[in-house]
Amino acid sequence: MITILFSVRVVDGKVEAFHEFAEQATPLSRADDGCLGYVFHQQKDDPRNFVLREQWRDKEALAEHIKHLIAVFGPPKPGEQLPASMTALCESFDLKFYNVIGD
C-alpha cells in the first residue's frame, strides 16, 4: 500500500480555482482502480493551505492514476509529473510518501 500526503499552498487569488480542481479530481480519483482513499482538506485558519491524503494499492495503480489526471486535466510542465493546470495554481507544494504502521 502507498500512502501520500500532498501539501499545497495556493497562489493568492486562486483558492476558488484550486477548490474546483479538488472537487473535480476527487470523484475521478476515487473511481480509479486501486484507489483506497482520496481526501482533500482545506486549512480552517488559512484557506490557501490544502492537504490531500491519498492511498493506493500499489505503484502501478498510482502510475495509472497520474496518467488519468493528465488525460483529464492536461499535460505536466517539462520535467514534472502532475498536470500544469493544477500546479500553476500552487505557490508551493510538498509530496511525501508514508508507510502504514500496523497493517
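Modeller: This is a predicted model. One place to begin is phenylalanine 93, which is partly exposed at 39% relative accessibility.

Colleague: Why does phenylalanine 93 count as partly exposed?

Modeller: Its relative accessibility is 39%, and partly exposed covers the range between under 20% for buried and over 50% for exposed.

Colleague: And phenylalanine 6, what is its relative accessible area?

Modeller: Phenylalanine 6 has 5%, so it is buried.

Colleague: How many aromatic pairs does the structure hold?

Modeller: Eight. One of them joins phenylalanine 6 and phenylalanine 93: the ring centres are 5.6 Å apart and the planes are at 45°, so this pair is tilted.

Colleague: Which strands do those two sit in?

Modeller: Phenylalanine 6 is in strand S1, residues 2-10, and phenylalanine 93 is in strand S4, residues 90-98.

Colleague: What about the rings of tyrosine 38 and tryptophan 56?

Modeller: Their centres are 6.4 Å apart with the planes at 75°, which makes the pair edge-to-face. Tyrosine 38 belongs to strand S2 (residues 35-42) and tryptophan 56 to strand S3 (residues 49-56), 18 residues apart.

Colleague: Buried or exposed, those two?

Modeller: Both tyrosine 38 and tryptophan 56 are buried. Ring pairs also link them into a cluster with Phe18, Phe21, Phe40, Phe50 and Phe73.

Colleague: Changing topic, which residues does the UniProt domain annotation cover?

Modeller: The unreviewed UniProt entry annotates residues 2-92 as "domain: ABM". Over that range the chain is 40% helix and 31% strand, with the end C-alpha atoms 23 Å apart.

Conventions
Residues numbered from 1 in each chain as written. Predicted model: local features only at pLDDT ≥ 70, side-chain atom pairs only at ≥ 80, totals over all residues. Heavy atoms only, no water. UniProt positions renumbered as here; feature names shortened; annotations may be inferred. Helix = DSSP H or I, 4+ residues; strand = E, 2+ residues; numbered from the N terminus. Phe/Tyr/Trp six-rings, centres within 6.5 Å; stacked < 30°, edge-to-face > 60°. Buried < 20%, exposed > 50% of the residue type's maximum accessible area, 1.4 Å probe, protein only.
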